[in-house]
Amino acid sequence: MTVSTFIRFQDDRGIIHYGEPSQRDLAVDLIGATVKLLEGDPFDGGLRPSTAVAKVAKVLCPLESTPAILCIGLNYKEHAKEANLTIAPYPVVFMKLPTALAGPYDDVHVHPDATPMLDYEGELVIVIGKDVKNVSEADGLDYVLGYTIGNDISARNFQLPDVSGGQFCYAKSFDGFAPIGPAICTRKAVPDPQALFYTTRVNGVKRQETSTDDMIWTVKQIVHHLSRGTMLRRGTIIMTGTPSGVGLFLEPKGFVQHNDIMEVELHGFGTLKNKVIFE
C-alpha cells in the first residue's frame with residue numbers, strides 16, 4: 001500500500017470515504033479538514049491516492065469491524081513495577097468482544113453496574129493486514145497493516161481478582177470499551193514500532209506517558225506468539241498493553257467519572273478523544 005496514513009470518515013453528504021490526512025490535520029480533531037480521497041480497500045489490494053478531495057464531517061472508526069480484539073496485559077516494565085506483579089514467561093493474553101470496538105470521537109456509554117471503578121488504559125494497537133498462522137518472530141511485521149492508538153477501557157470492579165477469579169474479559173468487553181483511531185498509520189510510516197511515543201490525559205491532565213521501547217514483548221514477538229497454532233484473520237486488532245499511570249494505582253484513585261474526557265495521543269499520528277457518559 002502506497003499510503004502512509006488513512007482515516008475513515010463521512011463527508012457532509014453522509015458518504016463514507018477513506019482519506020489521507022496531513023500531519024497538520026492529525027494535530028487537531030480532523031472535523032472540517034479537507035483530505036485527499038483514497039481509492040480501494042485497506043485489505044483487498046490496498047488504498048491508493050486519487051485526485052479528489054472531501055471535507056470531513058464525522059470521523060469514523062478506521063475499521064468498519066474486526067473479527068477479534070486480542071489484548072496483552074502487563075507489557076510495560078514500569079506498569080509491572082507499579083502493580084508489583086511478576087512478569088510471566090509468556091504474555092498475558094485476553095480478549096474483548098468485537099462489539100467493544102468504537103470510533104475515535106465516540107461517546108462511551110457506561111452501564112450503571114460498570115461505573116464504580118471505571119479506568120482508562122492508553123495502548124498502541126496493531127492491525128493485522130492479512131491472515132497469518134505460525135509466523136516467525138523475524139517475519140512478524142510482514143503481516144501488520146499498520147498501527148493506531150486505543151483505549152482499553154476497564155470496569156475494575158468486575159476485574160479485581162477477589163471478584164473475578166482473575167479473568168479480564170467481562171470487565172473489558174462492554175460495548176464501546178475499545179475505541180481506536182483516528183488514523184491507522186501503515187508500516188510504511190512506522191519503520192520501528194518500538195520507537196513510538198504516546199500520552200494519556202483525563203480532562204486535559206496527563207496520566208500516562210511512555211515510549212514503546214518500555215514494552216516487555218515487542219510487536220514482532222506478540223504477533224509471533226498469538227499466531228502460534230492460531231489463525232489471525234486480517235482486520236484483527238491487538239492491543240499491546242498499557243504503561244504505568246492507570247487510575248487503579250494512583251493515590252488518590254484516578255477512576256473516570258461521568259462527562260470526563262479521555263484522550264490518548266500517539267505523537268505524530270493523532271489523538272483519540274472520548275467522552276464518558278454514565279447511563
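The model I am presenting is a predicted one.

Ser-164 is found in helix H3. Its side chain reaches the backbone oxygen of Gln-167 at 3.3 Å, which is inside the 3.5 Å limit. Is Ser-164 buried or exposed? Its relative accessibility is 16%, so Ser-164 counts as buried, the cut-off being under 20%. Leaving aside residues up to four places away in sequence, Ser-164 touches Phe-158 and Gln-159.

I turn now to the domains. The assignment for this chain gives domain 1, residues 5-59, and domain 2, residues 69-278. Taken over C-alpha atoms, their centres are separated by 25 Å. How many residues of each domain are in contact with the other? On the side of domain 1 there are 13, and on the side of domain 2 there are 17.

The size of an interface is often given as the accessible area lost when the parts come together. Here, the area buried between domain 1 and domain 2 is about 1200 Å², and carbon and sulfur atoms give 61% of that area. Which residues of domain 1 lose the most area to domain 2? They are Thr-5, Phe-6 and Phe-43, which together account for 48% of what the domain 1 side buries.

Strand E1 (5-10) and helix H1 (23-26) each supply at least two residues of the side of domain 1 that touches domain 2. Strand E1 gives the largest share of that side, namely three residues.

One salt bridge is counted between domain 1 and domain 2. In a salt bridge of this model, the side chains of Arg-234 and Asp-44 meet at 2.7 Å, N to O.

That brings me to charge pairing in general. Side chains of opposite charge can pair when their charged atoms come close. In this model, the count comes to 13 salt bridges.

Consider Asp-119 and Arg-156, which form a salt bridge with their closest N and O atoms 2.9 Å apart. Asp-119 lies in strand E10 (residues 118-119), while Arg-156 lies in the loop between strand E13 (154-155) and helix H3 (161-164), so the pair ties together parts that are 37 residues apart in sequence. Both Asp-119 and Arg-156 are buried.

Next, the side chains of Lys-172 and Asp-152 meet in a salt bridge at 2.9 Å, N to O. Lys-172 lies in helix H4 (residues 169-172) and Asp-152 in the loop between strand E12 (144-151) and E13, so this pair ties together parts that are 20 residues apart in sequence. Lys-172 and Asp-152 are both buried.

Which residues are linked with these in a network of salt bridges? The network comprises Lys-96, Asp-119, Glu-121, Asp-152, Arg-156 and Lys-172.

I close with Glu-209, which forms a salt bridge with Lys-206, the closest N and O atoms being 2.9 Å apart. Glu-209 has a relative accessible area of 39% and is therefore partly exposed. Lys-206, at 48% relative accessibility, likewise counts as partly exposed.

Conventions: Residues numbered from 1 in each chain as written. Predicted model: local features only at pLDDT ≥ 70, side-chain atom pairs only at ≥ 80, totals over all residues. Heavy atoms only, no water. Domains from an automatic or database assignment. Contact = heavy atoms within 4.5 Å. Buried area = accessible area lost by both parts, 1.4 Å probe. Salt bridge = Lys/Arg side-chain N within 4 Å of Asp/Glu carboxyl O. Helix = DSSP H or I, 4+ residues; strand = E, 2+ residues; numbered from the N terminus. Buried < 20%, exposed > 50% of the residue type's maximum accessible area, 1.4 Å probe, protein only. Polar contact = N/O pair within 3.5 Å; in protein donor to acceptor, adjacent residues only side chain to side chain.
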